[in-house]
Amino acid sequence: MDTFTYSHSDEDLIDQPIGYWASAAGESVVHHIRTMLAESGLTQPQWWILNQIAADGGRDKAAVVATLRGYLNIGDGALHHDISALHDRALLTEDIDGRLRITDEGRGLRDDTAVRQQKTRAEIQEGISDEEYIRTLKVLQRMIHNVGGAAWHH
């Protein structure tokens, strides 16, 4: 990996815009994660869907959509499309009552991707202690609160 250097001195960083850096960090991290998922043949919403279904040994389709609908503003239609795409690839099944279950092939892909996801997370957090990571999330959450925003993640 390339040698890392900060963009500015500590004295100059205090005047840097948080919105720019938070946005740049978010875009870079999400791009890195989505690239890894694409290498597994999945979109990010499809990954979320597989995890929702695998976690419970099957879930009601409406419950999956209700849980995931607010993530990155993708909406219900996109989630239904991704559920259909996973079904068409035989990665999940859906019974008459709308209960989704992951297939053996889907579980294998999900498990392999979970291993890759852990590697990706380690890449993202390289050189950052757990304490720094937690503090960063707390600072960002406080800033969201301070400006009347709302954010939540499972």
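Which residue is the bridge partner of Asp60 in strand 3? In this predicted model, the bridge partner of Asp60 in strand 3 is Arg99.

- Three strands form an open sheet in the order 1-3-2, and their pairing is antiparallel; strand 1 and strand 2 are the edge strands, each of which pairs on one side only.
- Strand 1 and strand 3 are paired in the antiparallel sense over two bridges, and in this pairing Arg59 has Leu100 of strand 3 as its bridge partner, while Asp60 has Arg99.
- Strand 2 and strand 3 are likewise paired in the antiparallel sense, over three bridges, and Glu94 stands opposite Leu100 in strand 3.
- The hairpin of strand 2 and strand 3 has four residues between the strands, and in this hairpin Gly98 takes a positive phi near 85°.
- In a regular strand the side chains alternate between the two faces of the sheet. Strand 3 has a covered face with Leu100 and Ile102, and an uncovered face with Arg99 and Arg101.

**Helices on the sheet**

- Strand 1 and strand 3 pair over two bridges, and helix 3 packs on the sheet, where helix 3 touches strand 1, strand 2 and strand 3 and has a direction that makes about 90° with that of strand 3.
- Helix 5 packs on the sheet as well, touching strand 2 and strand 3, and the direction of helix 5 makes about 110° with that of strand 2.

**Helix 4**

- Helix 4 spans residues 61-68, and Lys61, Val64, Val65 and Leu68 are buried within this helix. Seen down the axis of helix 4, these buried residues fall within an arc of 95°, so they line one face of the helix.
- An α-helix has 3.6 residues a turn, so residues three or four places apart point the same way.
- The buried residues of helix 4 are covered by elements that include helix 3 (44-56), strand 1 (59-60), helix 5 (75-88), strand 2 (92-94) and strand 3 (99-102).

**Aromatic pairs**

- The count of aromatic pairs comes to two. One of them is formed by Phe4 and Tyr6, in an edge-to-face arrangement with 4.8 Å centre to centre and 85° between the planes.
- Phe4 counts as exposed because its relative accessibility is 59%, over the cut-off of 50%, and Tyr6 is also exposed, with a relative accessible area of 63%.
- Tyr20 and Trp21 form an aromatic pair that is edge-to-face, with 4.9 Å centre to centre and 80° between the planes. Trp21 has a relative accessibility of 35% and therefore counts as partly exposed, a class that lies between 20% and 50%.

**Arg121**

- Arg121 is found in helix 6, which covers residues 104-124, and Arg121 is partly exposed, with a relative accessible area of 41%.
- The side chains of Arg121 and Gln125 are joined by a polar contact of 2.8 Å.
- Arg121 and Ile18 are 103 residues apart in sequence, and in space they are 23 Å apart, C-alpha to C-alpha.

Conventions: Residues are numbered from 1 along each chain as its sequence is written. This is a predicted model: local features need pLDDT of at least 70, side-chain atom pairs count only at pLDDT 80 or more; totals for chains, interfaces and linings use all residues. Side-chain values use heavy atoms; hydrogens and water are left out. Buried means under 20% relative accessible area, exposed over 50%, partly exposed in between (1.4 Å probe, protein chains only). The arc is that of the directions from the helix axis to the C-beta atoms. Contact means heavy atoms within 4.5 Å. Rings of Phe, Tyr and Trp (its six-membered ring) pair if their centres lie within 6.5 Å; planes under 30 degrees apart count as stacked, over 60 as edge-to-face and the rest as tilted. Two strands pair if DSSP finds at least two bridges between them. Axes are lines fitted to C-alpha atoms, for helices over the stretch in contact, and angles run from 0 to 180 degrees between N-to-C directions. A polar contact is a pair of N or O atoms within 3.5 Å; within protein, one must be able to donate a hydrogen and the other to accept it, and residues adjacent in sequence count only if both atoms are side-chain atoms.
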